[in-house]
Amino acid sequence: MNVLIAGGGRTGARLANLLINQNYKIQLVENRRELLGYLHQELPTELIYEGNPVDPSVLEAAGIRDVHALAAVTSNDSTNLAICYLGKTLFDVPRTIARVNNPNNAWLFNQNFHVDVSLNSADVFAHLIQEEMSLGDMMTIFKIRRGNYSVIEEKVPEGAKAIGIPLKDMDLAEHCVIAAIIRDGVMALPRGDSTLQAGDEIIAVASPEGAQKLSDFLAFPVYPMRHGKKEPH
Amino acid sequence: MNFIVVGCGRVGAELCYHLFKRGHQIVVVDINKEAFNRLHPDFRGRTLEGEGLAEGVLERAGIHEADGLAAVTNSDTLNAVVAHAARIIYNIPNVVARNYDPNLRAVIEAFGLQTVGSTYWGAQRVEELLMSPSQRMVYSAGNGEVEVYEVQIPEKWDGHTLEELLEPLKQCYPVALSRAGHSLLPESTLRLQASDMLDVSSTFEGIGALTERLSKGLEA
């Protein structure tokens, strides 16, 4: 698979390395002098094309007509939008992916500018943090489909509501599937009539609603007291 | 009418003042509030500090009621993206994007936007005046690819027809002929007189060829 990466900042360089290790054929376009020196140390020189990535003649010379995907990851949102638009309208790139730098600009990253997928690092990161805070001991192992579904791991605490209830009666099916139960270090694939015990660890695939529902079933019976703080009267 | 001007640099500030003097309502947007110091002291209009790409900024600038938007920052991609969004998302009927770097003109053209390249246009005008100070450009279309020039008919073409003068010139068409204070739509059979003022629509190459032909005469 051929990929053109427009922008050689930290994101572009990291992406290039990742793709090279997976045997993708890449070309990275960058024109900022201050970055090029560093890029030439990081990446094989023949993969770097020096030029303004929004200039159609530069994109063409860098081989955009042969790529399967275009990643616009410069630090400038209007540049990323223009690159995706040019990629589709002038060069028929099958798939465009753009980085959103300022969340206020995210509303433009759609088909109006021929952006197939946009990634907003501030937003993704903020949601991850919020999830960590709201879902107690639940840990997200990884996200599927751009963050809509997650694979999560959680420990079943003493006294949790879920203990002793057969999984099929927990009414999770629509949003959440419990894929594994780890008990005393041994993994088992659960069935509908399996039940949970305190101390079990479970691995589940869940939507945000499913994760919330699961979290309710696995919550501590009493909200845990914070250390060093007096209980409010 | 209601106009939004994105970018308050030299072009933006000048444009705001022109529109204001014609009685229009202006909102001028710039990311840097110091930029508003460039506005003419007599200018009355709304200034709005913020990034032209942000939905909230465009809404506060009154994009739903705008009759036209000009994106005239010194970033070609920002101009193209703001202008495209105004046209596609808000259906603004009249949208113009400034082309700042002549090397990136193709970017704005790819969006199919009306564009003015002040850098390119300025350079071309200076070049024209340097090369041939005698002709006067009276109108410039698009980005200056086609312009209307006024030339004076010299003695040596007196009595010849317009067709004889223009026939071999490929990129030069007659628009008007002025004689003794009156103008007319010139026919190809019209006989020229010395001191006639002829307006032609022409490319830069075309006007060069016409100037040369006027000075050399028919035999050349």
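Before the first selection, one cut-off is needed: a residue is called buried if 20 or more other C-beta atoms lie within 10 Å of its own. Keep in mind too that this is a predicted model.

**Stop 1: a helix in chain B.** Select residues 76–88 of chain B, which form helix H3. How many of the 13 residues of H3(B) are buried? The count is 12, so this helix is largely enclosed by the rest of the structure. Colour the buried ones if you like; among them are Asp76(B), Asn79(B), His84(B) and Arg87(B), along with Leu78(B), Val81(B) and Val82(B).

Now check the length of H3(B).

**Stop 2: where the chains meet.** Show both chains and select the contact between them. Chain A contributes 18 residues and chain B 17. On chain B's side, H3 and helix H4 (105–110) each supply at least two residues. Which element gives the largest share of that side? It is H3(B), with six residues. Colour chain B's side by class and you will find 13 nonpolar residues, three polar and one charged.

**Stop 3: the largest nonpolar core.** This core has 74 residues, and those touching the most other members are Ile5(A), Leu70(A), Ala71(A), Leu81(A) and Val5(B). Helix H3 of chain B turns up again here, with the largest share of the core at seven residues. Centre on Leu70(A): beyond its sequence neighbours up to four places away, it touches Leu4(A), Ala6(A), Ile64(A), Cys84(A), Gly87(A), Val93(A) and Thr96(A).

Another core, of 15 residues, lies apart from that one; Ala162(A), Ile181(A), Leu196(A) and Leu218(A) are among its members.

**Stop 4: Leu214(A).** Finish by selecting Leu214(A), in helix H6 (residues 208–217) of chain A. Is it buried or exposed? Leu214(A) counts as buried because it has 23 C-beta neighbours inside 10 Å. Leaving aside neighbours within four places in sequence, Leu214(A) is in contact with Leu172(A), Cys176(A), Ala204(A) and Ala206(A).

How values were computed: Residues numbered from 1 in each chain as written. Chains lettered and ligands numbered in written order. Predicted model: local features only at pLDDT ≥ 70, side-chain atom pairs only at ≥ 80, totals over all residues. Core = buried A, V, L, I, M, F, W, Y, C linked by C-beta atoms within 7 Å. Helix = DSSP H or I, 4+ residues; strand = E, 2+ residues; numbered from the N terminus. Contact = placed C-beta atoms within 7 Å. Nonpolar A, V, L, I, M, F, W, Y, C, P; charged D, E, K, R; others polar.
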